[in-house]
Amino acid sequence: MTGDTALTGAGEAVTDAALLTASGITKAYRRGPLRRSSPVLRGVDLGLATGEIVGLVGENGSGKSTLMRILVGDLAPDAGTVIRRGRIGYCPQEPVVYERLTCDEHFELFGHAYGLPGHAERANRAEIYARLGFEKYAATRADRLSGGTLAKLNLGLALLADPELLLLDEPYAGFDFDTYLKFWDLVAERRQSGRSVLIVSHFVTDIERFDRIVRLRGGRAVGA
């Protein structure tokens, strides 16, 4: 996913340094037998500058995953504007994989979707295997992977195209401590290279690893 993208609605101007700007994002769902409208997001404003690591936290049901899906373009807001610059990598909370495909086959499929040349996809894939430590599962089908290895594949697919903007929804939930540390090494390197990362989490530890923490409360972003 590349280029500048705007969704319907009026929003703030984006500076040249911003890789992501969301303005006035609202979203409501119809729930219950009477299908009454239940607001989830009530005018969220959020931005990511170049080389910034931001944590997005909130209680269960606060709208974190809904906002993430809107930011990546998987879900349309009821109102508001999202502008994205550069290539995006997205790691959803629940891995989107094909049970009968191996890890290698997933990388090949996603590489084709990203428009990566074959040699670039293979080189990036090899580095991801090495950095996250799951190369021995390259020929293993997704339905035979452990939860932790599936989480590595999920993150690896988001990293494959070396995106300028990385959106991660609970990315390390299944990681052991060693992989957790490797994850933060990767994040730190992306910051140093001018790339940005938004990490959604139920709660944040190692707060010093973030440049900012944004909290979703009452359908709005606090501390953005």
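1. A salt bridge here is a side-chain nitrogen of Lys or Arg within 4 Å of a carboxyl oxygen of Asp or Glu. Asp206 and Arg209 form one, with their closest N and O atoms 3.3 Å apart. Asp206 is partly exposed at 26% relative accessibility (buried means under 20% relative accessible area, exposed over 50%, partly exposed in between; 1.4 Å probe, protein chains only). Arg209 is also partly exposed, at 27%.

2. This is a predicted model, in which local features need pLDDT of at least 70 and side-chain atom pairs count only at pLDDT 80 or more, while totals for chains, interfaces and linings use all residues. Residues are numbered from 1 along each chain as its sequence is written, and side-chain values use heavy atoms, with hydrogens and water left out.

3. The salt bridge count is 13. One of them joins Asp104 to Arg125, the closest N and O atoms being 2.9 Å apart. Asp104 lies in helix α2 and Arg125 in helix α3, so the pair ties together parts 21 residues apart in sequence (helices, H or I, at least four residues, are DSSP runs numbered from the N terminus). Arg125 is buried, at 10% relative accessibility.

4. Arg125 also forms a salt bridge with Glu108 (3.7 Å, N to O). Glu108 lies in helix α2 and Arg125 in helix α3, so this pair ties together parts that are 17 residues apart in sequence. Glu108 is partly exposed, with a relative accessible area of 44%.

5. Which residues are linked in a network of salt bridges? They are Asp104, Glu108, Glu121 and Arg125.

How values were computed:
Helix = DSSP H or I, 4+ residues; strand = E, 2+ residues; numbered from the N terminus.
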